[in-house]
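Visitor: I would like to learn how to read a structure such as this one, feature by feature. Could you take me through it?

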Amino acid sequence: MNLALGAPVTLALLAANGFFVATEFALVAARRPRLERTAARGGRAAAAAVAGIDELSLTLAGAQLGITMCSLGLGLVSEPVFAETLLPPFHAAGLPSGAAHAVAFVLALALVTFLHMVVGEMAPKSVAITDPERAAAALGLPFRGFATVVRPLLAALNGTTNLLLRLVRVQPVNAREVSRTPEQLRSIALDSRRLGLIGDTELTLLTAALDAPRAPLADLVVPVSEVVSVPAAATPQEVIDAAVETGSLRIVLRGGGRSGAARMVHVRDAYLARARGRATPADELAHPVPAMPIATPVGQAVAILKRHHSHLGLAVAPDGRAAGLVTLDDLLTTLIAVR
């Protein structure tokens, strides 16, 4: 093959390699909710990108297959073409045949490797991660076409890979099932800041969001001395009066109860009891308040309150005494607040 034919083939292989590289990075980096919103408005390209993310394991296998095919093509076609093109000048310079072939081969290999890395790898990768959603939407549809054609081969490759993993006692998982620990996410955020992909403000927000679920309750506890409470024998009207005076919808009871556990009454129940004309004591309207150690992480405390269907929790000090109350609203605000 001469240079006139080899050069266009080389450019085509580099372009195809760039296509597979860009698709791989775009589908990994793209934010799925954005693509789903576009797909919901009738965007076929975005829908194809979402489908690719749904089958990320096969998608990555398809991208790797395409990259491998293009790399082999460059080695089989482009390197010999460039080596043959460079050979005559070295012969004309008087180099022995063996030396001329060796120098031409090394230069051709260096040139093809440079083009492969810069044009076929690094440039497409940079374009894809600059705007992954747009890149995924632009490349998703043609890539799905390629993946559909070679799907049997990809399934066979994936099956073989999974079998080899099981032989070494590694359980393969679908890419959608892979989760990240807070430490891994924090490392990703730090690397993103170092590479200039996010700013200091974004890094601070991400770090705070990762730290919030593990923060202890101590800073969110309302001390016992500040808790709004009424006697267990209080009438519905007394509960309502306490709520009106303090603005609190949930009033803690003092005393009463069989187990000594903390309890509270919602002002709504007091209004309903009054509307029925009943002088039901607050003790009979009360709901239990779940207790938890004051060192309980915020994320775990939210799970405890949700499990007990309670908006209040009792924080217990290490010595067993009640330290105060914590509200579900404060816990959730800590988890989602933008600082």
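This is a predicted model: local features need pLDDT of at least 70, side-chain atom pairs count only at pLDDT 80 or more; totals for chains, interfaces and linings use all residues.

Visitor: Is Leu-86 buried or exposed, or something in between?

Guide: The scale is relative accessible area: buried means under 20%, exposed over 50%, and partly exposed in between (1.4 Å probe, protein chains only). Leu-86 has 28% relative accessibility, so it counts as partly exposed.

Visitor: Which residues does Leu-86 touch, beyond those up to four places away in sequence?

Guide: Contact means heavy atoms within 4.5 Å. By that rule Leu-86 touches Ala-104, Leu-107 and Ala-108. Leu-107 is 21 residues from Leu-86 in sequence, and their C-alpha atoms are 8.2 Å apart.

Visitor: What does UniProt say about residues 98–119?

Guide: The unreviewed UniProt entry annotates residues 98–119 as "transmembrane region". UniProt positions follow the numbering used here, feature names are shortened, and annotations may be inferred rather than shown by experiment. In the model, that span is 100% helix and 0% strand, and its end C-alpha atoms lie 31 Å apart.

Visitor: How do I read the way two helices pack, say H4 and H7?

Guide: Look at axes and angles: axes are lines fitted to C-alpha atoms, for helices over the stretch in contact, and angles run from 0 to 180 degrees between N-to-C directions. H4 and helix H7 (residues 151–167) pack at about 105 degrees, with their axes 10 Å apart. H4 and H7 are therefore roughly perpendicular to each other; under 35 degrees would count as roughly parallel, over 145 as roughly antiparallel, 65 to 115 as roughly perpendicular and the rest as oblique. H4 brings Ser-57, Leu-58, Ala-61, Gly-62 and Leu-65 to the contact, and H7 brings Arg-151, Leu-153, Leu-154, Ala-155 and Asn-158.

Visitor: What is the angle between H3 and H6?

Guide: H3 and H6 pack at about 70 degrees, with their axes 7 Å apart. H3 and H6 are therefore roughly perpendicular as well. Among the residues making this contact are Ala-45 and Ala-48 of H3 and Gly-140 and Leu-141 of H6. The contact of H3 with H6 has eight nonpolar, two polar and two charged residues. The buried residues of H3 (residues 44–54) include Val-50 and Ile-53, and its buried residues pack against H1, H2, H4 and H6.

Visitor: Now the sheets: in what order do the strands of the one with E7 run?

Guide: Two strands pair if DSSP finds at least two bridges between them. An open sheet of four strands has the order E1-E8-E7-E6, with mixed pairing. E1 and E6 are its edge strands, each pairing on one side only. E7 and E8 (residues 322–327) run antiparallel, joined by five bridges, and Gly-313 has Val-326 in E8 as its bridge partner. E6 (residues 291–293) and E7 run parallel, with three bridges.

Visitor: Why is E7 described as largely enclosed?

Guide: Four of the five residues of E7 (residues 312–316) are buried, so the strand is largely enclosed by the rest of the structure.

Visitor: Where is Val-221 found?

Guide: Val-221 is in the loop between helix H9 (200–211) and strand E1 (222–223). Val-221 is buried, with a relative accessible area of 15%. Apart from neighbours within four places in sequence, Val-221 is in contact with Ile-294, Ala-315, Ala-323, Gly-324 and Leu-325.

Methods: Residues are numbered from 1 along each chain as its sequence is written. Side-chain values use heavy atoms; hydrogens and water are left out. Ala, Val, Leu, Ile, Met, Phe, Trp, Tyr, Cys and Pro count as nonpolar, Asp, Glu, Lys and Arg as charged, and the others, Gly among them, as polar.
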